[in-house]
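Subject: Structure handover and findings

Hello,

Here is the structure I said I would pass on. My notes on it follow below.

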Amino acid sequence: MKNRKRLMENAIHGIFLILGLITVSCVLLITVYLVISGIPAVRKIGVLNFLFGKKWASTAAQPQYGILPFILTSIYGTAGAIAVGVPIGFMTAVYLSKIAPPKVKAVIETAVSLLAGIPSVVYGLVGMMVLVPGIRIAFRVPDGASLLAAIIVLAIMILPSIIKVSLTALEAVPKEYEDASLALGATPIETYFRVSVPAAKSGIATAVVLGVGRAIGEAMAIMMVAGNAPNMPELFQSVRFLTTAVASEMSYAADGSLQKQALFSIALVLFLFIMLINAVLNFFLKKR
């Protein structure tokens with residue numbers, strides 16, 4: 001009997017090990033493929049010209065392949081979405097876990113789940129039909145398809161991840177912590193923000209990391225509301241992100257052409273950008 005249990009445990013451990021190795025292998029294969037496909041264009045164009053060039057004109061008579069506008073737009077757009085979405089998502093999670101009545105909590109949680117299940121193209125469609133004209137009218141600009149529209153759409157799209165993960169982390173805090181704080185004379189609000197939130201900070205930080213990943217990797221919805229023009233980033237100007245730069249031109253780029261190689265180079269830069277952000281965030285989280 002003991003030998004049978006031991007064999008079962010060893011088999012389960014082996015299955016988990018194989019699944020983990022498959023995951024790592026997929027990441028390595030993607031990394032190797034992007035490096036092999038993206039390096040040739042960087043060599044032909046030049047690292048400095050590629051990363052710091054301010055003009056992208058891949059179909060011109062004399063093509064130029066500068067992706068600095070895409071890099072800055074991705075940074076500004078992601079930072080703006082996090083600045084808007086994280087406080088809203090965090091405060092919503094605190095309200096749902098500590099303050100909201102059960103019926104209200106059930107309704108809001110259902111709405112958040114539905115928000116998470118909406119396809120990104122629907123976000124883009126609603127943004128294109130409602131948000132873009134609203135920005136054009138409200139701010140009296142020629143075109144509402146802009147960086148601001150992209151930031152708002154991204155902020156809405158990352159809300160479900162932030163709310164759900166933060167809510168789970170806050171609900172996992174032992175009730176004894178809060179009872180002890182209240183017994184010492186702290187108010188409920190003080191207890192929530194000075195006891196419960198610090199105790200759940202690792203889960204809340206994970207929610208922020210997931211939000212950053214969602215914001216950086218989104219393409220379709222952003223393509224529909226940001227204007228998809230390769231301009232230097234301005235709040236009320238049409239812009240293009242790293243993701244949308246690849247998605248918008250990959251379909252008609254000729255195989256083996258410098259344009260297609262440059263698109264793979266953009267994908268490589270995006271991949272390294274995401275890895276760098278995850279590494280930095282994980283470093284600070286582990287340090288704390």
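Helix α3 passes helix α6 in a right-handed crossing. Please keep in mind that the model is predicted. The residues where α3 and α6 touch comprise 20 nonpolar, eight polar and two charged ones. Two packed helices are described by the angle between their axes and the distance between the axes. For α3 (residues 68–99) and α6 (residues 147–171), the angle is about 35° and the axes are 6 Å apart.

Next, helix α9, which covers residues 201–217. Several residues of α9 are buried, including Gly 203, Ile 204, Ala 205, Val 209 and Ile 216. Gly 211 and Val 212 are also among the buried residues of this helix.

Ser 37 sits in helix α1, which runs over residues 2–45. Its relative accessibility is 15%, and therefore Ser 37 counts as buried, the cut-off being under 20%. The Ser 37 side chain reaches the backbone oxygen of Tyr 33 at 2.9 Å. Once neighbours within four places in sequence are left aside, Ser 37 is in contact with Gln 261 and Phe 264.

Two residues deserve a look for their backbone angles. Most residues other than glycine have a negative phi. Arg 140 has a positive phi, near 55°, and is not a glycine. Asn 228, again a residue other than glycine, has a positive phi near 55°. Where do they lie, and are they buried or exposed? Arg 140 is in the loop between α5 (120–139) and α6, and counts as exposed because its relative accessibility is 78%, where the cut-off is over 50%. Asn 228 is in the loop between α10 (220–225) and α11 (242–249), and is buried, with a relative accessible area of 18%.

Last, Lys 55, in the loop between α2 (47–52) and β1 (56–57). Lys 55 and Tyr 65 are 10 residues apart in sequence, and their C-alpha atoms are 6.6 Å apart in space. Leaving aside neighbours within four places in sequence, Lys 55 is in contact with Gln 64, Tyr 65 and Gly 66.

Regards

Notes: Residues are numbered from 1 along each chain as its sequence is written. This is a predicted model: local features need pLDDT of at least 70, side-chain atom pairs count only at pLDDT 80 or more; totals for chains, interfaces and linings use all residues. Side-chain values use heavy atoms; hydrogens and water are left out. Axes are lines fitted to C-alpha atoms, for helices over the stretch in contact, and angles run from 0 to 180 degrees between N-to-C directions. Helices (H or I, at least four residues) and strands (E, at least two) are DSSP runs, numbered from the N terminus. A crossing is left-handed if the near helix is turned anticlockwise from the far one by less than a right angle, and right-handed if clockwise. Ala, Val, Leu, Ile, Met, Phe, Trp, Tyr, Cys and Pro count as nonpolar, Asp, Glu, Lys and Arg as charged, and the others, Gly among them, as polar. The expected span of a helix is 1.5 Å times one less than its number of residues. Buried means under 20% relative accessible area, exposed over 50%, partly exposed in between (1.4 Å probe, protein chains only). A polar contact is a pair of N or O atoms within 3.5 Å; within protein, one must be able to donate a hydrogen and the other to accept it, and residues adjacent in sequence count only if both atoms are side-chain atoms. Contact means heavy atoms within 4.5 Å.
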